[in-house]
Amino acid sequence: MTAQATGTDILDVAREQVLGRGVPLTKEQVLDVLRTGDDRLQDLLALAHEVRLRYQGPSVEVEGIVSLKTGGCPEDCHFCSQSGQFTSPVRSVWLNIPELVRAAKQTAATGASEFCIVAAVRGPDDRLMEQMREGVAAIKAAVDIEVAASLGMLTQHQVDELVDMGVHRYNHNLEAGRSFFPRVVTTHSYDERLDTCRMVKESGMELCCGGLVGMGETLEQRAELAAQLAELEPHEVPLNFLNPRPGTPFGDLPPMEPADALRTVAAFRLALPRTILRYAGGRELTLGDLGTRDGLLGGINAVIVGNYLTTLGRDPREDLALLDELEMPIRALGETF
């Protein structure tokens, strides 16, 4: 039964349940949070920030990402300009190993503790796995930074290979809740994505698994995604906001309203109190500078700095200056909760 059905205030429930006892909100309770009005938004963000500080502390994890293989992906994720099935103006490009190492050094220079190598593929082939092996070894020899990867769906053998390379975290998003997923992707299933996530968790690598909001899903489906992520218990949840890309099926959707985006940030924090919650793609368009600050004071405790895979981000110096102003230290390399 929801808080609304019992006449209780969902923020009072969340304060006692999540902040007081560390028990995450259920799907129905997350839905109640997503339905709160704008007049409650600042109270909601303040509560989510308290939860973040209690269970995650004040530090922020900073990450940079680079695309090893851009564009030409065979999958039809409707939000993604890297799909080879759409008319998006993204060409297929491969980075060489020196370029990868240079990008890792630039990322480390911002103070980031993690560097994520991303490839636009259904899953890695032998060529990509070999380039990953060479690239990870070269990065580790040149710079003191953790290496993560996002290479699509994996086999068990490929999971084992990545562990052997020293990849410490793997990103594979659910993208959307199960009920909305068929509206987002048709070339693979929700369960295929879930299988990769489970293999990664069982391997000992940290699992980074989040999703994208603002794609036309209902509030119920947004709450469903939060609950399914909570059930999976990833180490980190990147929260992306749709940045409509020309030539994609979702290219004409309007950007998410800032208040809805901030409510979503707070709701996900209350559903995932002990999980790293990372600002990812679309925050610049959806939230701007003021909203970015509000989210950092409303549950977010990790950021991607610099540009994304096919869209521009904020200048890393702006994010780092904001963290300094808010007295949020960058988490030291290798620190874990």
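The model is a predicted one, and the protein in it contains 13 helices and 10 strands. Of its 337 residues, 59% count as buried.

**Helix 2 and its ends**

- Helix 2 spans residues 10-20, and its buried residues are Ile10, Leu11, Ala14, Gln17, Val18 and Leu19. These residues lie on the same side of helix 2, because the arc that they cover around the axis is only 160°.
- On the face of helix 2 that is turned away from the buried side, the exposed residues are Asp12 and Gly20.
- The N-terminal end of helix 2 is capped by Asp9, which places a side-chain oxygen 3.0 Å from the backbone nitrogen of Leu11.
- After helix 2 comes Gly22, a residue with a positive phi, near 75°.

**Gln29 in helix 3**

- Gln29 belongs to helix 3, which is made up of residues 27-34.
- Gln29 counts as buried because its relative accessibility is 12%, which falls under the 20% cut-off for that class.
- When neighbours within four places in sequence are left aside, the contacts of Gln29 are with Ile10, Val13, Gln17 and Pro24.

**Ala108 in helix 5**

- Ala108 is found in helix 5, which runs over residues 97-109.
- With a relative accessible area of 24%, Ala108 is partly exposed, since that class takes in values between the 20% limit for buried and the 50% limit for exposed.
- Not counting residues up to four places away in sequence, Ala108 touches Val143 and Ile145.
- Although Ala108 and Val143 are 35 residues apart along the chain, their C-alpha atoms are separated by 7.5 Å.

**The second largest cavity**

- The number of cavities of 30 Å³ or more comes to two, and the second largest cavity has a volume of about 50 Å³.
- Strand 7 (211-213) and helix 10 (219-232) are the elements that give two or more residues to the lining of this second largest cavity. Helix 10 gives the most, with three residues.
- The residues that line the second largest cavity are Ala176, Gly177, Phe180, Leu212, Val213, Glu217, Gln221, Arg222 and Leu225.
- Sorted by class, the lining of the second largest cavity consists of five nonpolar, two polar and two charged residues.

**The second largest pocket**

- The second largest pocket holds about 230 Å³ of space. Its lining is formed by 15 residues, of which Ala230, Glu233, Pro234, Arg274 and Thr275 are the closest to the centre of the pocket.
- In terms of class, eight nonpolar, three polar and four charged residues make up the lining of the second largest pocket.

Conventions. Residues numbered from 1 in each chain as written. Predicted model: local features only at pLDDT ≥ 70, side-chain atom pairs only at ≥ 80, totals over all residues. Heavy atoms only, no water. Buried < 20%, exposed > 50% of the residue type's maximum accessible area, 1.4 Å probe, protein only. Helix = DSSP H or I, 4+ residues; strand = E, 2+ residues; numbered from the N terminus. Arc of directions from axis to C-beta. Polar contact = N/O pair within 3.5 Å; in protein donor to acceptor, adjacent residues only side chain to side chain. 1 Å grid on protein atoms, 1.4 Å probe; cavity = no way out; pocket = protein on both sides within 12 Å on 5 of 7 lines; lining within 4 Å. Points joined across faces, edges and corners; volume = space filled by probe spheres on them. Nonpolar A, V, L, I, M, F, W, Y, C, P; charged D, E, K, R; others polar. Contact = heavy atoms within 4.5 Å.
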